[in-house]
Amino acid sequence: MEASISAVTGELVSRFISFLMNKYHSLSHAQSEKVVDRLQHLLMRVSIVVEEADGRYITNSGMILQLKMLSDAMYRGHRTLDTLRYQTLQDSADSSSSSLHLSIPSKRSRTKTENDDKAMRLESEGALESLEIAVANMVEFVVLLGGCERMSRRPYDIYLYTNNFIFSRHAEKQKLLRFLLEHNDSPGDHAPAVLPIIGGGGVGKKTLVAHVCGDEQVRSRFSSILHLNGDNLLPILDHGRTMFGMMLVVIEFASDVVDDDWEKFHSFLIRMSRGSKIIIISKLKRLARFGSVQPIFLSVLSYDELRYLFKTLAFGSVDPAEHPQLVQIADEFTRELHSVRGSLVEINVFADALRRNHHAQFWRCILDKGMKMVKRNLSSYGLHPNKLIEQGRPVDITDLALHPLSLLPYTLKEDSPSVTLGDLLADPSVRPEGDFTLIAWKSRIPPHRSYLHCVTSRAQDVHEGGALPARKRRGLPI
């Protein structure tokens, strides 16, 4: 009799707790839906303004700063919106599960849920507040924006804007345009103004410059645009007798340059017409000393920007809202890439592979391959693959291709077999026999750069931290 009473009591307690949890989740779900609706409305308003601003010439430094604040709030809002959507679906699934299994949740489980809910509520409230402040302060911005001249769009801008702000760098683009289009020569000085653009590898320095150099007003302002290699500055002086007129000179430096050499080159450029400009592109911060105006420092994308870019590229034309599980895996990719300051090349490589197959098992497999490759190289060389590539050292990519392979810091001859990294990730069977060229990524927008590497299956020839013997060096330096 006592056993029966105990069983009935336990059943009633379980049902009562289940009822309370379902009621809590229903209230939480309704509250989340209101936040989602509000976020969507604010994001739509901010996105319209940011895209419109990105299509105009903004010369006011205060407006450029406000544009950056608007875009930062927009990317944060998109992340919070996705998280809320996934959380809502997860709560619905948990609620359905709890109605079928009438077990009493442990105290630790309840505490964890409460903490997660509190963190999510604080995050959503913070994102909402940021967007509401941005929207409240953008009335004057929109009025002033109406007085800014509109840009004409070029064909490849369709790629940039089809998926909303893939390019990002809104404020940096406006700063560069302002430098090129304004009259900022020193009184009585014919020396061309110099703008250094400094940033790490793969952050988009050359892409930013190529994008701005394609602007209609920029092209009409300068008689010619000259791209130079900073490692050969002085020899250019012997062949630069025809460098006259208002010119834009873009110089890429891979290493530092002696001050005397720069002074000789800069003096030579004085013969160009007044209004000529120089852009310096480099990873080296110390080259900012040659600038006549404040440098533009390009850092890696923020977490929210990187997440938005990666998700947009990986899903393509597919609606992420229909694949909440994939959104969660995309977040894991984003965390891994951001933790190692992932470049735009890595973002595009993995997104290209994921876009081929929108199944959770495939995405999880690609993520696991990448993480295993990182662990293998950390174990063998003590460095992340990114650092090994930067230092020109071999990288073990066995886990990506499911075959013993090493990626080497040079390229093979043009007639060698090749395969894209996206194809190799998606289907390791496409690997050519013997040595081959691995196409990490080909940029689809100017300057259309290709990232190529040699891959060899002769793993025994590659020693830890060393290079191949001289007889193996059949490739061409990158």
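In strand E4 (277–282), Ile 280 is the residue that stands opposite Pro 196. The two strands concerned, E1 and E4, pair in the parallel sense over six bridges, where pairing requires that DSSP find at least two bridges between the strands. Strands (E, at least two residues) and helices (H or I, at least four residues) are DSSP runs, numbered from the N terminus. The model is a predicted one, in which local features need pLDDT of at least 70 and side-chain atom pairs count only at pLDDT 80 or more, whereas totals for chains, interfaces and linings use all residues. Residues are numbered from 1 along each chain as its sequence is written, and side-chain values use heavy atoms, with hydrogens and water left out.

E1 also pairs with E5 in the parallel sense, over three bridges; here Gly 199 stands opposite Leu 298. Seven of the seven residues of E1 are buried, a term that denotes under 20% relative accessible area, with exposed meaning over 50% and partly exposed lying in between (1.4 Å probe, protein chains only). Both faces of the strand are covered: Ala 193, Leu 195, Ile 197 and Gly 199 are buried on one side, and Val 194, Pro 196 and Ile 198 on the other.

These pairings belong to an open sheet of five strands with parallel pairing, ordered E2-E3-E4-E1-E5. Its edges are formed by strand E2 (224–229) and strand E5 (296–298), each of which pairs on one side only. From one strand to the next, the twist averages 15°. Axes are lines fitted to C-alpha atoms, for helices over the stretch in contact, and angles run from 0 to 180 degrees between N-to-C directions. E2 is joined to strand E3 (residues 247–253) by six bridges, and the two run parallel; within this pair, Ser 224 stands opposite Met 247. Helix H6 (residues 170–181) packs on the sheet, touching E1, E3, E4 and E5, and its direction makes about 145° with that of E4. Helix H10 (residues 259–269) lies across E1, E2, E3 and E4 and runs at about 150° to E4. Contact is taken as heavy atoms within 4.5 Å.

Helix packing is considered next. Two packed helices are described by the angle between their axes and the distance between the axes. The axes of helix H13 (residues 344–354) and helix H14 (residues 360–381) come within 10 Å and cross at roughly 150°. H13 is therefore roughly antiparallel to H14, given that angles under 35 degrees count as roughly parallel, over 145 as roughly antiparallel, 65 to 115 as roughly perpendicular and the rest as oblique. The crossing of H13 with H14 is right-handed; a crossing is right-handed if the near helix is turned clockwise from the far one by less than a right angle, and left-handed if anticlockwise. Phe 350, Ala 353 and Leu 354 of H13 make the contact with Phe 362, Trp 363 and Ile 366 of H14. By class, these residues comprise six nonpolar, no polar and no charged, where Ala, Val, Leu, Ile, Met, Phe, Trp, Tyr, Cys and Pro count as nonpolar, Asp, Glu, Lys and Arg as charged, and the others, Gly among them, as polar. H13 is mostly covered, with nine of its eleven residues buried; among them are Val 345, Ile 347 and Phe 350.

The axes of H12 and H14 likewise come within 10 Å, crossing at roughly 15°. H12 is therefore roughly parallel to H14, and the crossing is left-handed. On the H12 side the contact involves Gln 325, Leu 326, Ile 329, Ala 330, Glu 332, Phe 333 and Glu 336, which meet Ala 360, Trp 363, Arg 364, Ile 366, Leu 367 and Met 371 in H14. This contact has nine nonpolar, one polar and three charged residues.

The loop between helix H12 (324–339) and H13 contains Ser 343, which is buried with a relative accessible area of 14%. Ser 343 touches Gly 201 and Gly 202, residues up to four places away in sequence not being counted. The C-alpha atoms of Ser 343 and Gly 202 are separated by 4.8 Å, although the residues lie 141 apart along the chain.

Elsewhere, strand E9 (residues 418–420) and E10 run parallel and are joined by three bridges, with Ser 418 opposite Thr 437. Strand E10 (residues 436–442) has six of its seven residues buried. Overall, the protein chain holds 17 helices and twelve strands, and 46% of its 478 residues count as buried.
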